[in-house]
Amino acid sequence: FMTADDSIKISPIESALKTIEIESNAISALKARVGQEFEDACEIILNCKGRVVVTGMGKSGHIGKKIAATLASTGTPSMYVHPAEASHGDIGMITSDDVVLALSNSGTTEEITSLLPVLKRKNISLITITGDKDSALAEAASINIDGQVEEEACPLGLAPTSSTTAALVLGDALAMALLEARGFTSDDFAFSHPGGNLGRRLLVKVKDLMHSGKEIPKVSVTTTLSDALLEMSQKGFGLTTVLGEQGELAGVFTDGDLRRMLDSGKDIQSTSITDVMSSSFKSISNNALAAEAANIMQDSNVYVLIVKDEEGNIEGIIKMHDLLNANVV
């Protein structure tokens, strides 16, 4: 297709690659500008007793909503307030314990600058991300983070592209720096994402899904192979655990072991389970995440794991089918 001036032909792929290159360069240029101001902004937010209230107009507003959501899900209480609505009553949502994070590439967005007197009167800290560090908004801020870009990816130089990408990256950088400063963990993250597969992967533990008690296939070290096969058949896990005289886990016998034993020509009736069991098997802690069990199974190409308690005693059995039913995988 043609460019804006209808004089140069450019393919969609060329246009896409040019956009990616321009925006990539804009992000790379941010590295040199992440300094003391960024660290000071993090300190203000870490000391905030309330929430981070993110605001922005137009495309910056869309970016602001994402930044607020990312902050909130990573340990920093946050919300988005539309600047135009704030001027008509919603500014009442912002308290003196809050911090305002305002996004404006020009730094002159009227809907935001009109809020400045109220924010100052309430003594609310203002952090801005602007493309002009000498703008009215940047100068009024407690901290201004420089989000200037050399050019927009839009060939007309009109649609916010590189500038909004830069603001988004700086917002993500803030969120991740705050996450690490707070010592935010995967368990903390899970409590912010209880729904869907993400929550299940992060919250569900092996002990929540395992089979325990009488469901566990068990035989003693004195059991014959024929009796062990009966236990395997009744419990349906494709294996049986083998317990020593003190009830300790001595080994396991699996379907794979049975196939290898039959190939060797051993007699099922007279062979002792200790002669054919394996003392090497995959296990997992009862307190481990179910997602960890899935990883072990997939990496080891096994479909059943022995579950142990803190003392190393057998406490259960977990199958890949259990993980599938729980939507962990």
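Valine 204 counts as buried, because its relative accessibility is 16% and buried means under 20% relative accessible area, with exposed over 50% and partly exposed in between, for a 1.4 Å probe and protein chains only. Valine 204 lies in the loop between helix 10 (196-203) and helix 11 (206-209), where helices (H or I, at least four residues) and strands (E, at least two) are DSSP runs numbered from the N terminus. Asparagine 287 is 83 residues away from valine 204 along the chain, and the C-alpha atoms of the two are separated by 9.6 Å.

The model is predicted, so that local features need pLDDT of at least 70 and side-chain atom pairs count only at pLDDT 80 or more, while totals for chains, interfaces and linings use all residues. Residues are numbered from 1 along each chain as its sequence is written, and side-chain values use heavy atoms, with hydrogens and water left out.

Two packed helices are described by the angle between their axes and the distance between the axes. The axes are lines fitted to C-alpha atoms, for helices over the stretch in contact, and the angles run from 0 to 180 degrees between N-to-C directions.

| Helix pair | Angle | Axis distance |
|---|---|---|
| Helix 1 (residues 12-30) and helix 8 (residues 162-182) | about 40° | 9 Å |
| Helix 3 (residues 59-73) and helix 8 | about 15° | 9 Å |

Helix 3 is therefore roughly parallel to helix 8, since angles under 35 degrees count as roughly parallel, over 145 as roughly antiparallel, 65 to 115 as roughly perpendicular and the rest as oblique. The crossing of helix 3 and helix 8 is right-handed, a crossing being right-handed if the near helix is turned clockwise from the far one by less than a right angle, and left-handed if anticlockwise. Their contact, meaning heavy atoms within 4.5 Å, includes Ile63 and Ile67 of helix 3 and Leu168 and Ala175 of helix 8. By class, this contact of helix 3 with helix 8 has eight nonpolar, four polar and three charged residues; Ala, Val, Leu, Ile, Met, Phe, Trp, Tyr, Cys and Pro count as nonpolar, Asp, Glu, Lys and Arg as charged, and the others, Gly among them, as polar.

Helix 1 and helix 8, by contrast, are oblique to each other, and helix 1 passes helix 8 in a right-handed crossing. Ile22, Glu23, Ala26, Ile27 and Leu30 in helix 1 meet residues of helix 8, among them Val169 and Leu170. Seven nonpolar, two polar and one charged residues make up the contact of helix 1 with helix 8.

An open sheet of three strands, in the order 6-7-8, has mixed pairing, where two strands pair if DSSP finds at least two bridges between them. Its edge strands, each pairing on one side only, are strand 6 (218-220) and strand 8 (249-254). Strand 7 (residues 239-243) runs antiparallel to strand 8 and is joined to strand 8 by five bridges; threonine 240 has phenylalanine 253 of strand 8 as its bridge partner, and valine 242 has glycine 251. Five residues lie between strand 7 and strand 8 in their hairpin, and glycine 247 in the turn has a positive phi of about 85°.
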